[in-house]
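Q: Could you walk me through the aromatic rings in this structure, and explain the terms as you go?

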Amino acid sequence: MPQPLASLSVRRTIGSLSVAAALLCVGGAAAKADQTVDVIIRGGTIYDGGEGKPFVGDVAIRGDQIVYVGKSGRHKAGKVIDAKGMIVAPGFIDPHTHADSFIRSPDKAVRVNAAWLNQGATTVMIGVDGSGTPDVAEDAGKLAASGIGTNIVPFVGFGPVRQRVLGQDARAPSPAELDRMKALVAKGMCEGAVGLSTGLFYAPQSFSTTDEVVAVAREAARRGGVYDTHQRDESSYSIGLLGSVQEAIDIGRQAGMPVHFAHLKALGVDVHGQAGAVIDAIDAARKSGVDVTADQYPWLASGSSLDASLLPRWAVDGGGPALLKRLDDPATLERIRGEMQENLRRRGGASALLLIAQGFPWTGQTLEQVADTWKLDSRDAALRIIRQSIEAGEQKSGGTAVASFNMAQADVDLLMKQPWMVTSSDGSDGHPRMFATFPEKYVRYVRERKVIDLATFIRQSTGRTADIYKLDRRGYLRPGYFADILVFNPDQYAPRADYVRPRELSVGVSKLFVNGALAVDDGRTTGVAAGRALLRPRPAGCP
């Protein structure tokens, strides 16, 4: 049986073993009665992450692996967990997170990543929205060596790639510059990234053409990667929601790779009701041979920033210093304010923008409330906040953060029911989705509103996600798979965070194992940092 992984290089070596080989070497031993294991989870209702029906049975763990899953087993164990009345499932996999404030903290107790562990999540993907560094191996190595509570799966991001070559400028790359960008993507993929992530709504990525994105995406495609995108327009900002969906599909088709839509939604009053048309476009693409999937969070408010939500893209060409110069020019300022008015309208107005950055005078108020206090037009209040944040060096993750209430319930429900949909948090500081997405979906959409059933909820949080990203021996309760295992109480599993108190830990997780180590015990994190960097094996053709 494979031993616990001790280094990134060993992880790659073992990760390249086939599932079939793992099942032969571990599953055969599991069939023997009376074998000794480390832990037995006994008598729970097992949802194994697949399409099969749940059943009452046992799960046995030895080391970092599952060695038995079945209706009854005769095993001797150092520890027996009575799971009667509990749900036993694979640890949840979150395909879109902004967990950096946890996993990159200097405090080891914070790096345990309790926000996700207490939801039952054992694996999180990082570098999303096009933010992932091309220096994948170096970054992943540092994170793993520092001790993290959840597994991480990195993307190489279009944003850092473009910035290294073109800075913040709104221009096309020269042929030589495009070659440099392509080389950076190839480097990230060769070092273990799961795919290329883009955030084409955000500057400077928004300055790229479709052809430019296709050119760099092909480098990820040649190395087996997924094209994961925060699409160019989820609303009516530029090419429109449906035009943006088609652009992403076309990128995947031309690059020759799967397409995954991050946090798929119909954002704003102009596109409410268009979820059905989005579904039709994705279904048509899938029928034509393009592998298209999506993730979604169960909240009606997205998380963004005032600058991304309200400023025209041309205004941020060149970054913060260039924006400040434009704001100091009266004619340019009036042009910006004019376009901001339209962006406010499509977002539902100033009352629909809740300022969620922690520790600022405006925290917990809507933009409308702040504007009233300051006796300013809402646009001018927003510009004051943006200016102060730029001057403080906090534009990206500081005082401009907002929860934007912009989605229609009917669209969220319809998208959630699709067979290619999985669950994500898009968890970011100040929004309750960081601490409560999975239990929020369970309570609101499974138990209370019955939009989906429990089996679908678990499938969308485990095996289907692992399949999309081809995660090695994750996402299922099967012999030979890594022991990422969740035990939760179906009557107590619930969110505690909300928009007023966004950092409250969720409840109801009884036990959570990460790579065979007990990370949550009776609802409390143990302090064990058993997470690993799950790098893909080096693709063929890499140096």
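A: Gladly! Ring pairs join Phe-92, Phe-438, Tyr-442, Phe-457, Phe-488 and Tyr-493 into a cluster. The model is predicted, so local features need pLDDT of at least 70 and side-chain atom pairs count only at pLDDT 80 or more, while totals for chains, interfaces and linings use all residues. Residues are numbered from 1 along each chain as its sequence is written, and side-chain values use heavy atoms, with hydrogens and water left out.

Q: Why is the pair of Phe-360 and Trp-362 called stacked?
A: Their ring centres are 5.4 Å apart and their planes at 15°, so the pair is stacked.

Q: Why is Trp-362 called buried?
A: Its relative accessible area is 4%, and buried means under 20%, exposed over 50%, partly exposed in between (1.4 Å probe, protein chains only). Phe-360, at 21%, is therefore partly exposed.

Q: Why is the pair of Tyr-442 and Phe-457 called tilted?
A: The ring centres are 5.8 Å apart and the planes at 45°, so this pair is tilted.

Q: How do you know that Tyr-442 and Phe-457 are buried?
A: Tyr-442 has 4% relative accessibility, so Tyr-442 counts as buried. Phe-457 has 0%, so Phe-457 counts as buried too.

Key. Rings of Phe, Tyr and Trp (its six-membered ring) pair if their centres lie within 6.5 Å; planes under 30 degrees apart count as stacked, over 60 as edge-to-face and the rest as tilted.
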